[in-house]
Amino acid sequence: MEFPTEFYSERLHMRMPQPGDGKTVYEAINVSIEELKPWLPFAQKEQSLGEVEANIREAHTQFLKREDLRFLVFHKETGEFIASSGLHRINWEIPKFEIGYWIDSRHSGNGYITEAVKGISDFAFQELNANRVEIRCDARNKRSRAVPERLGFELEGVLKNDSLAEDGSQLRDTCIYAKLNK
């Protein structure tokens with residue numbers, strides 16, 4: 001299946017990861033680690049620059065193989081790295097996708113994640129003919145929950161005691177938001 005590997009929104013440039021992007025992503029993770037740690041598995045242990053670059057190269061390969069479609073998000077005018085997002089847990093038969101996201105904390109509070117998620121969900125519906133796009137997040141993560149709510153995703157349910165908190169200290173609930181191609 002052929003489709004673009006990059007696209008733009010009003011303020012953002014979203015593109016598939018490229019070899020060499022590891023340094024930029026590594027710096028953003030390190031600056032944002034305290035904000036990411038409560039919610040994301042990759043933030044639980046310190047990663048080396050080499051490990052992050054290897055992860056970026058794997059994401060590049062997965063994108064080309066259409067197994068996972070990670071998008072790095074950059075400011076359209078300055079080229080500054082803003083966030084990582086993408087379409088994950090892909091089921092091409094439906095087709096359906098799950099959007100995940102995290103932001104460099106230096107760029108929080110500017111509406112960038114909402115803009116990126118809108119762009120990526122539009123991409124899924126328009127370019128990939130998605131029938132369903134989901135966003136799953138920890139019920140306690142109010143900032144993450146606000147994104148699908150602002151974009152008109154429907155809260156379909158909350159899975160109680162669905163998984164462990166990222167630090168393994170307690171059970172957590174998962175909110176499932178979805179938007180359908182109507």
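Q: In what sense do strand 4 and strand 5 pair, and over how many bridges?
A: Strand 4 and strand 5 pair in the antiparallel sense, over seven bridges. Two strands pair if DSSP finds at least two bridges between them. Helices (H or I, at least four residues) and strands (E, at least two) are DSSP runs, numbered from the N terminus.

Q: Before we go on, what kind of model is this?
A: This is a predicted model: local features need pLDDT of at least 70, side-chain atom pairs count only at pLDDT 80 or more, and totals for chains, interfaces and linings use all residues. Residues are numbered from 1 along each chain as its sequence is written, and side-chain values use heavy atoms, leaving out hydrogens and water.

Q: Back to the strands. What joins strand 4 to strand 5?
A: A hairpin does, through four residues.

Q: Which residue is the bridge partner of serine 84 in strand 5?
A: Tryptophan 102 is the partner of serine 84.

Q: Is strand 5 enclosed or open?
A: Strand 5 is largely enclosed by the rest of the structure, because seven of its eight residues are buried. Buried means under 20% relative accessible area, exposed over 50%, and partly exposed in between (1.4 Å probe, protein chains only).

Q: And strand 5 with strand 6, parallel or antiparallel?
A: Those two pair in the parallel sense, over three bridges. Glutamate 98 stands opposite glutamate 134 in strand 6. The chain crosses from strand 5 through helix 3 to strand 6, and this β-α-β crossover is right-handed. Right-handed means that, with the strands pointing away from the viewer, the path from the first strand over the helix to the second runs clockwise.

Q: New topic. How many residues are in the largest nonpolar core?
A: The largest core has 36 residues. Met14, Leu69, Phe71, Leu87, Ile99 and Val117 have the most contacts inside it. Helix 3 gives the most to this core, with eight residues. A nonpolar core is a set of buried Ala, Val, Leu, Ile, Met, Phe, Trp, Tyr and Cys residues joined through side-chain atoms within 4.5 Å.

Q: Why would a core form at all?
A: In soluble globular proteins, nonpolar side chains tend to be buried together.

Q: What does phenylalanine 71 touch?
A: Its contacts (heavy atoms within 4.5 Å) include Met14, Phe63, Ile120 and Phe123, not counting residues up to four places away in sequence.

Q: Where does phenylalanine 63 lie?
A: Phenylalanine 63 lies in helix 2, residues 49–64. Phenylalanine 63 has a relative accessible area of 0%, so it counts as buried. The C-alpha atoms of phenylalanine 63 and proline 17 are separated by 8.3 Å, though the two are 46 residues apart along the chain.

Q: Is histidine 13 buried or exposed?
A: Histidine 13 counts as buried, at 14% relative accessibility. Histidine 13 is found in strand 2. A polar contact of 2.6 Å joins its side chain to that of glutamate 6. A polar contact is a pair of N or O atoms within 3.5 Å; within protein, one must be able to donate a hydrogen and the other to accept it, and residues adjacent in sequence count only if both atoms are side-chain atoms.

Q: Last one: how many disulfides?
A: The count is zero, where a disulfide is a pair of cysteine sulfur atoms within 2.5 Å. For cysteine 137, the nearest cysteine sulfur is that of cysteine 175, 5.1 Å away.

Q: How accessible are those cysteines?
A: Cysteine 137 is buried at 5% relative accessibility. Cysteine 175 is buried too, with a relative accessible area of 0%.
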